[in-house]
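Let's walk through this structure together, starting with a pair of packed helices and then widening the view. Keep the sequence and the 3D view open side by side as you read.

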Amino acid sequence: MEGGGQRPAPAAPPGQPQGERLQLLLRRSREAKNCAYCPYSRFPVGAALLTAGGEIFSGCNVENACYSLGVCAERTAIQKAISEGHTSFRAMAITSDMGDSFIVPCGACRQVMREFGTDWDIYLTKADGTYIVKRLEELLPLSFGPEDLKKV
């Protein structure tokens, strides 16, 4: 696609990403981190989102001199997927340059992720490539989602 657009990845096997598929998701998050625009924080973050249909959408953080107008990598990846018609997700990998800690999504990103369910995996990485995996429901327990609006 023009301008470095998304490349559809081969269809994923049923269940969560494993083996080469997982390595691709992790690699795409690292590649996205390299595109981060973060002149103020100097804290690049990349994310790669695996849709239920097997496509991967990546995103990076994009800062702004008006700080509140910046957007996180996780929300960038989600917005790109949504803009291409995807609303069901299996997993997301998040990458940064944090050395001793695993990168975790901010509260706003967790809530945006929650909009699309709680039953998907989030791969949190360190700069050395090691990772842990958490379910979204672990990162945002007792969450509020679209189904709660129907309880009124």
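**A helix pair and its surroundings**

α2 passes α3 in a left-handed crossing, meaning that the near helix is turned anticlockwise from the far one by less than a right angle, whereas clockwise would be right-handed. Helices here are DSSP runs of H or I with at least four residues, strands are runs of E with at least two, and both are numbered from the N terminus. Before going further, please note that this is a predicted model, in which local features need pLDDT of at least 70, side-chain atom pairs count only at pLDDT 80 or more, and totals for chains, interfaces and linings use all residues. Residues are numbered from 1 along each chain as its sequence is written, and side-chain values use heavy atoms, with hydrogens and water left out.

Helix α2 covers residues 73-83 and helix α3 residues 107-114; they pack at an angle of about 25°, with their axes 9 Å apart. The axes are lines fitted to C-alpha atoms, for helices over the stretch in contact, and angles run from 0 to 180 degrees between N-to-C directions. That angle makes α2 roughly parallel to α3 (under 35 degrees; over 145 is roughly antiparallel, 65 to 115 roughly perpendicular and the rest oblique).

Where do the two helices touch? E74, R75 and I78 in α2 meet A108, C109, V112 and M113 in α3, contact being heavy atoms within 4.5 Å. By class, this contact has five nonpolar, no polar and two charged residues (Ala, Val, Leu, Ile, Met, Phe, Trp, Tyr, Cys and Pro are nonpolar, Asp, Glu, Lys and Arg charged, and the others, Gly among them, polar).

Now look at α2 by itself. Its buried residues are A73, E74, R75, T76, A77, I78 and A81, where buried means under 20% relative accessible area, exposed over 50% and partly exposed in between, with a 1.4 Å probe and protein chains only. Their cover includes α3 together with the strands β1 (45-51), β2 (56-60) and β3 (89-96). After α2 comes G85, with a positive phi near 95°.

S29 is buried, with a relative accessible area of 0%. Apart from neighbours within four places in sequence, S29 is in contact with G46, A47, A48, A93, I94 and T95.

Finally, step back to the protein chain as a whole. There are four helices and five strands, in the order α-β-β-α-β-α-β-β-α along the sequence. Of its 152 residues, 43% count as buried.
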